[in-house]
Amino acid sequence: MVRTYENAQELKEEIGAAFRKYIAEFDDIPEALKDKRIDEVERTPAENLAYQVGWTTLLLQWEDRERKGLPVQTPSDEFKWNQLGKLYQWFTDTYAHLSLRELKGMLTDNVDAIYAMIDAMSEDELFKPHMRQWADDATKTAVWEVYRFIHVNTVAPFGSFRTKIRKWKRMAL
């Protein structure tokens with residue numbers, strides 16, 4: 001169940017709180033260990049951040065393309081929803097070679113851009129259904145408001161992936 005928000009400000013505050021906790025987990029990971037694989041944890045630190053950069057980048061691209069009147073294919077032009085494993089590998093191939101510092105910077109920039117995206121939308125655009133074609137096209141049966149896509153690509157994974165990186169740190173550091 002995706003949590004609901006009273007307004008855009010509450011959504012932004014929740015993103016910020018989850019993001020600050022998540023991103024801080026990487027502060028004490030040495031760059032030399034960014035690609036260290038631990039059997040009990042699915043992703044390396046670099047892959048963990050690459051996943052977040054990938055999804056937040058896609059979210060921003062969906063909105064940017066729609067605002068420009070361009071067609072939007074979700075999740076991306078290259079991948080369909082039944083190819084998420086390949087999409088995640090693309091995130092790794094595209095971003096995980098970067099340093100943790102670079103990845104953290106990219107993710108911070110994306111979160112700032114998501115705040116600006118939220119600020120540019122009316123409350124109706126955020127919280128009412130059928131306000132964005134990309135949101136409607138992304139789900140075949142469910143009706144999702146834009147805020148839900150924002151939540152599931154920020155707050156939710158920042159929390160669940162924070163748990164994963166904390167487990168990685170307990171075992172690797």
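Visitor: Which residues line the second largest pocket?
Guide: The model is predicted, and local features need pLDDT of at least 70, side-chain atom pairs count only at pLDDT 80 or more, while totals for chains, interfaces and linings use all residues. A pocket is an open set of points on a 1 Å grid over the protein atoms alone where a 1.4 Å probe fits, with protein on both sides within 12 Å along at least five of seven lines; lining residues have an atom within 4 Å of a point. On that basis the lining consists of Tyr51, Trp55, Trp62, Trp81, Leu84, Tyr88, Thr139, Trp144, Phe149, Val152, Asn153 and Pro157.

Visitor: Which element gives the largest share of the lining of the second largest pocket?
Guide: Helices are DSSP runs (H or I, at least four residues), numbered from the N terminus. Two or more lining residues come from each of H2, H3 and helix H7 (146-152). The largest share, 3 residues, belongs to H2.

Visitor: How many charged residues does the lining of the second largest pocket have?
Guide: Ala, Val, Leu, Ile, Met, Phe, Trp, Tyr, Cys and Pro count as nonpolar, Asp, Glu, Lys and Arg as charged, and the others, Gly among them, as polar. The lining has 10 nonpolar and 2 polar residues, and the number of charged residues is none.

Visitor: How much space lies in the largest pocket?
Guide: A volume is the space filled by probe spheres set on the grid points, which are joined across faces, edges and corners. For the second largest pocket this gives about 160 Å³. For the largest pocket the value is about 200 Å³.

Visitor: How far apart are the end C-alpha atoms of helix H1?
Guide: Residues are numbered from 1 along each chain as its sequence is written, and side-chain values use heavy atoms, with hydrogens and water left out. The expected span of a helix is 1.5 Å times one less than its number of residues. The 17 residues of H1 (residues 8-24) should therefore span 24 Å, and the end C-alpha atoms agree, being apart by 24 Å.

Visitor: Is methionine 131 buried or partly exposed?
Guide: Methionine 131 lies in the loop between H5 and helix H6 (133-138). Beyond its neighbours within four places in sequence, methionine 131 is in contact (heavy atoms within 4.5 Å) with Glu66, Asp124 and Glu125. Buried means under 20% relative accessible area and exposed over 50%, with partly exposed in between (1.4 Å probe, protein chains only). At 34% relative accessibility, methionine 131 therefore counts as partly exposed.
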